[in-house]
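Subject: Structure handover

Hello,

Here is the structure I said I would pass on. My notes on it follow below.

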Amino acid sequence: MVILLHISTAQAISKRIGGIVVPLQEHTEGNEEDAEKKGHESDKEQGGTVGQNEGRSKPKQPATATALANRSKSFWMLVVCALLLCKVCYNQSKLLLAVTHPLPGQMEDASSSLPSISTSLPSTSSSKHVVVNSRADQQATQQEKRWAYAYLLAGCDPDSPGTYLGMMYNALVSARLLQEEASVADVVVMIEMHYNTSYATLPAEHERLLNATNIKIKYLPQPRYEPNFFDTMMRKFDLLQYTEYSRILYMDADVMPFCSLDYLFQLSDPDPQARAATAPGQAKATKSYGDNVVLTWKIEPAAGGFFMLRPGLEWHRDIQQIIRRRLQEAVDQPKHLRFNETIGWGHVFEGGDDTWSSLSGVEKKEEGKNGTVWSWYGAIADQGLLYYWTKYHRRNVSIIIGDKIEHWVDRNGTAVLDRVEPNTLRKDYSCNTLNTRHLKRRYVPHGAAPYSDFKHFTGGGKPWRRDINKTVANQMASNDEVAEYSDLWWKLLVQCQRELNFTVEFDKMKQEPAYGLYPLLGHLQGSGERQKTDANKTVGQEK
């Protein structure tokens with residue numbers, strides 16, 4: 001490919017040195033003396049001389065010193081030109097290799113250098129380099145604008161698969177549905193193996209199912225001690241380290257989307273190369289959301305089961321420090337102050353705009369009631385950390401509160417409410433697909449999108465914990481007018497089972513997760529004590 005690209009370059013150089021190459025090829029010893037006397041003639045006269053001398057045979061004459069000097073000069077000029085051409089070929093070959101097979105961190109360098117390549121080439125080969133430049137630009141854009149949905153499976157033990165099997169099936173169902181709805185984002189499953197298992201990975205068959213559904217598997221470090229539910233909730237924020245993605249939409253392992261939710265990515269991180277909508281006729285997305293997106297829930301200002309973050313290694317380190325500080329405070333304080341509801345994760349509400357809101361508070365027009373203390377469900381765990389991290393630490397978040405959206409920004413190191421606007425997502429982007437058109441959208445916290453575009457199977461309402469057998473599941477799979485969320489889940493699972501050829505383990509899916517179902521205040525002290533013990537061990541080892 002490189003040789004073809006540079007043929008025209010060689011031709012151009014040949015034309016430039018034509019005055020040297022042609023005389024050298026057609027110069028004969030018989031006319032050396034005439035050349036010395038007459039000097040350089042025009043191209044036309046040279047052509048005439050060649051034509052007149054063609055076919056004649058003159059006796060050989062000894063070459064003069066001047067002729068030999070001219071020949072030597074012509075030879076060395078040709079050598080210099082050849083070396084320059086080799087250097088050009090080498091440099092451009094290296095850049096083309098960087099585009100087609102980039103090393104980490106080289107993509108931007110290669111793509112930014114390509115325009116200088118095309119301008120240095122003759123016009124006869126520029127069309128080929130237009131294709132290369134376009135491909136490089138597209139690859140760079142895709143590298144910078146990759147999105148992902150993420151799930152977390154914690155406490156996975158192959159000897160007790162029922163503790164994670166239903167949630168793994170949910171990841172299969174969700175990935176299949178997102179792909180059917182033309183999502184351009186990856187689906188990632190973060191897996192933490194059980195602290196007491198000797199297995200380093202899931203069984204081969206389970207990995208096969210995930211891989212066959214194009215799910216990216218990310219194994220997290222195995223805990224050294226027995227975690228609790230609080231520890232598990234903190235693992236969600238490990239997604240911040242996956243910087244190969246520009247945005248990650250986290251969903252709890254019991255959340256099922258009804259369609260592509262790519263519109264949330266687009267509103268926070270527009271990508272001109274990606275589809276802006278999830279269905280024909282939907283609005284074109286432009287950036288209007290912050291780097292992070294949080295949903296309020298029924299009685300909480302932040303839903304830990306559905307949120308979007310912008311990854312970053314520095315941010316990942318920051319949030320780990322915040323978690324360690326919170327655990328240390330839980331150990332140092334008396335029992336009744338293990339979680340200080342006034343300061344929470346590190347901020348005292350001042351009132352006015354600086355309050356928190358929940359859906360129930362907005363609907364009852366009691367916005368601000370109980371909105372100045374960290375007292376909501378999950379405030380001690382992920383739902384408190386998420387709210388603090390996005391609003392008061394990063395100070396860059398769009399908070400969806402039912403029919404309205406608050407956009408918070410950083411001004412001089414303080415979180416400031418930049419603007420409030422109506423939530424028109426259901427009108428502009430929300431899905432109405434073949435899978436969902438017959439659903440009775442009940443038991444969702446709000447009718448606006450994105451609330452209406454996914455289902456969180458909380459508590460005992462998880463589909464895999466129902467008393468379902470193979471016969472009933474097959475009947476659900478043949479129903480084209482599914483009205484219940486759980487029935488839709490089983491329908492999609494059976495479709496996955498038929499496509500991937502695996503056996504659904506009905507009798508093993510009813511077990512509870514390995515580390516419980518909800519956080520407790522005592523978890524803070526337990527995790528803090530383990531952290532303190534680990535710190536003392538580290539200090540002892542250093543000594």
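A salt bridge here is a side-chain nitrogen of Lys or Arg within 4 Å of a carboxyl oxygen of Asp or Glu. By that rule R325 and E329 form a salt bridge, with the closest N and O atoms 3.7 Å apart. Please keep in mind that the model is predicted.

Both partners belong to helix α12 (residues 313-332), where they are 4 residues apart and so separated by about one helical turn. R325 is partly exposed, with a relative accessible area of 33%, and E329 is partly exposed as well, at 29%.

Overall picture

The protein contains 18 helices and 11 strands. Of its 543 residues, 47% are buried. Taking contacts between residues at least 6 apart in sequence, 73% join residues at least 24 apart. The exposed surface comes to about 27,400 Å², and carbon and sulfur atoms supply 51% of that area.

Other salt bridges

The search of the whole structure gave 22 salt bridges. One of them joins R235 to D238, and its closest N and O atoms are 2.8 Å apart. Are these two residues buried or exposed? R235 is buried, with a relative accessible area of 15%, and D238 is buried too, at 7%.

Another salt bridge links R419 with E421, with 3.6 Å between the closest N and O atoms. In this pair R419 counts as partly exposed at 32% relative accessibility, and E421 is partly exposed at 23%. There is also a network of salt bridges, which connects R247, D291, R310 and R394.

Helix α14

How much of helix α14 is buried? Of the 12 residues in this helix (residues 382-393), 11 are buried, so the helix is largely enclosed by the rest of the structure. The buried residues include D382, Q383 and K391, along with G384, L385, L386 and T390. The aromatic residues Y387, Y388, W389 and Y392 are also on that list. Just after α14, R395 takes a positive phi of about 55 degrees.

Aromatic rings

A pair of aromatic rings is described by the distance of the centres and the angle of the planes. The whole structure holds 20 aromatic pairs. In one of these, the ring centres of W490 and F506 are 5.6 Å apart and the planes lie at 10 degrees, so the pair is stacked. W490 is in helix α17 (residues 485-500), while F506 is in the loop between α17 and α18 (521-542), so the pair ties together parts that are 16 residues apart in sequence. W490 counts as buried at 1% relative accessibility, whereas F506 is partly exposed, with a relative accessible area of 21%.

Regards

Note on methods
Residues are numbered from 1 along each chain as its sequence is written. This is a predicted model: local features need pLDDT of at least 70, side-chain atom pairs count only at pLDDT 80 or more; totals for chains, interfaces and linings use all residues. Side-chain values use heavy atoms; hydrogens and water are left out. Helices (H or I, at least four residues) and strands (E, at least two) are DSSP runs, numbered from the N terminus. Buried means under 20% relative accessible area, exposed over 50%, partly exposed in between (1.4 Å probe, protein chains only). Contact means heavy atoms within 4.5 Å. Accessible areas come from the Shrake-Rupley method with a 1.4 Å probe; for residues, only the protein chains shown count as cover. Rings of Phe, Tyr and Trp (its six-membered ring) pair if their centres lie within 6.5 Å; planes under 30 degrees apart count as stacked, over 60 as edge-to-face and the rest as tilted.
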